[in-house]
Structure formats: C-alpha cells, structure tokens
Amino acid sequence: MSEVKKGKKTVLVACGTGIATSTVVSDAIEKMAKDNKIQIEIVQCKVTEVPAYESRASLLVTTTIVSKEYPFPIINARAFLTGIGLDKLKEQILAELKK
Amino acid sequence: MNHVKFDETLVIRNVEGENSSDILKHMAANLYQKGFVKESYADAVIAREKKFATGLPTKGCGVAIPHTDIEHVNQSAISVGILKEPVDFGIMGEETEKTPVKLIFMLAMHDSHSQLKMLQSLMGIFQDEEILLYLANEESEVKIKEEVSKRLNLNNVKGGE
C-alpha cells in the first residue's frame with residue numbers, strides 16, 4: 001500500500017544537473033503549495049532520474065527537454081527563471097495541484 | 001563554508017567566439033586557471049550545454065547560465081562574461097530554438113541544493129531589464145563585479161562599505 005498516493009501529490013522538479021534551476025523552481029512550487037494550503041511532496045532531481053519516480057509522481061515540472069513519454073503531465077518551468085509568462089505558469093501548476 | 005567566490009577577475013568583457021562552445025571554453029579556462037574548477041569542467045560544461053541548453057530569452061538582452069555536475073568543481077564560483085557580439089545559445093527546455101545571448105553567468109557549483117538564495121537573486125537579475133542592460137554596457141569590470149555582488153549578496157571583500 002502506498003501512503004503517498006492518497007491526498008498528497010508527488011511533484012517532480014527536474015533540470016539537467018538537478019542542482020541549479022530545479023532548486024529555484026522547487027522553492028517556488030513549495031511556496032505556492034503552502035500559500036494554497038495544498039500538501040505535496042516535492043522531489044528535486046536530474047531529468048535522467050525521473051523514470052525512477054514514474055510510479056509515484058503526479059506531475060513533472062522541468063526546465064529542460066523531456067524526451068520520454070510519462071503518464072503524468074509535464075510543465076515547462078522556464079517562466080520561473082525569466083519572469084515572462086509567470087502568472088500563466090503558476091495558474092497551470094496550481095490547477096494540476098488542485099486536481 | 002558554501003561561499004561562492006566572485007571577483008573582478010571572474011568578470012570577462014568582450015568575449016569573442018564563433019559559437020557557444022567557443023565562449024564556454026574561454027570562460028571555463030579562466031575558472032580553471034584560478035583553480036576553481038577541474039580540467040574536466042570545460043568539456044563537461046560544453047557537453048552539458050549541448051544536451052541541456054541554458055539560454056534564456058530575457059527582456060533587455062539574452063542570458064545563459066551554463067553549469068555542470070558538481071564533481072568537476074573544486075570551489076563554488078560564478079563568472080560573468082559579456083560577449084562582444086551576441087552569440088546564439090539553445091533555449092532552455094526547447095528542442096532546437098535558439099536565442100541571441102549577450103550575458104553569460106557561468107556557475108561552478110560545488111554542492112547541490114545549497115545556493116537557493118544566490119540562485120533566486122540571479123533570477124531576479126534576469127527579470128530586471130535595466131540591470132541586464134547596465135551589465136551589458138558597463139565598461140568597468142570592477143563596477144560590474146560590485147553590482148553583481150550586491151545583487152547576489154556575495155560579500156567577498158572584507159571591510160567593505
């Protein structure tokens with residue numbers, strides 16, 4: 001039995017190295033979830049590590065290209081870095097978190 | 001402990017190159033010369049840029065944040081490159097699209113997950129057209145260093161203002 005599946009979503013935040021842009025994006029999503037009182041688990045990783053979390057994740061937010069198909073939605077998070085289109089991106093992520 | 005090194009010798013103006021790899025090689029060589037990165041860093045950062053592009057189409061002028069895995073780094077540092085002429089970099093998260101880049105913030109990161117504040121401040125710079133244009137056009141390395149240090153809260157000079 002998986003205790004994470006119920007209620008608490010697992011959000012993967014991935015970038016090429018798992019150290020730079022994903023750090024900024026993870027923090028931004030954590031704040032969004034807190035502000036909206038949504039409980040989530042964030043896993044920050046390299047995009048090559050995503051397959052290891054495939055079975056428990058409900059969303060992938062990434063700053064890099066994802067060449068593989070996954071059973072969960074993939075959101076491009078570049079707006080967290082450039083600020084261009086940020087409101088739209090936040091709406092998109094929030095909609096997924098609320099599902 | 002997790003101090004990020006940055007001074008005016010890590011600010012390089014008028015960087016020239018045919019393509020993004022030329023630019024990265026030039027900047028990585030400077031970091032290597034100062035002992036912040038290992039010899040393997042240059043090839044690693046170029047390879048990483050090809051696979052996961054770091055160009056960002058920001059307001060004012062395009063930027064790129066090349067970086068690579070921590071094992072190629074000795075001491076966390078940041079190097080700022082101002083290109084003589086913009087050079088095309090792949091856009092982060094896009095398959096083939098490119099963007100002309102004028103400012104490079106090359107990151108040498110020695111530990112994962114620990115530089116959140118610095119990285120957030122860096123993104124703050126990317127979202128500020130005025131500061132990007134200032135950095136692109138300022139002629140003094142020292143002034144560029146001071147502005148970036150202030151924005152990133154890097155206090156490398158003891159007994160400063």
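1. Across the interface of chain A and chain B there are two salt bridges, a salt bridge being a side-chain nitrogen of Lys or Arg within 4 Å of a carboxyl oxygen of Asp or Glu. In one salt bridge, the side chain of Lys46(A) meets that of Asp69(B) at 3.3 Å, N to O. As background, side chains of opposite charge can pair when their charged atoms come close.

2. A word on what you are looking at: this is a predicted model, in which local features need pLDDT of at least 70 and side-chain atom pairs count only at pLDDT 80 or more, while totals for chains, interfaces and linings use all residues. Residues are numbered from 1 along each chain as its sequence is written, chains are lettered from A and ligands numbered from 1 in the order in which they are written, and side-chain values use heavy atoms, with hydrogens and water left out.

3. Back to the interface. Chain A brings 24 residues to the contact and chain B brings 27 residues, where contact means heavy atoms within 4.5 Å. The area buried between the two chains is about 2200 Å², and carbon and sulfur atoms give 66% of it; buried area is the accessible area (1.4 Å probe) that two parts lose on being put together, summed over both. In chain A, the residues losing the most area to chain B are Ile19(A), Ile65(A) and Arg78(A), together 28% of what that side buries.

4. Which elements of chain A each supply at least two residues of the side that touches chain B? They are α1 (21-35), β2 (40-46) and α2 (79-82), with helices (H or I, at least four residues) and strands (E, at least two) taken as DSSP runs, numbered from the N terminus. The largest share, five residues, comes from α1(A).

5. Over all chains, the structure holds ten salt bridges.

6. Finally, chain B contributes to the second largest pocket. A pocket is, on a 1 Å grid over the protein atoms alone, an open set of points where a 1.4 Å probe fits, with protein on both sides within 12 Å along at least five of seven lines; lining residues have an atom within 4 Å of a point. The lining counts 20 residues, with Glu49(B), Lys50(B), Ala53(B), Gly90(B) and Lys98(B) nearest the pocket's centre.
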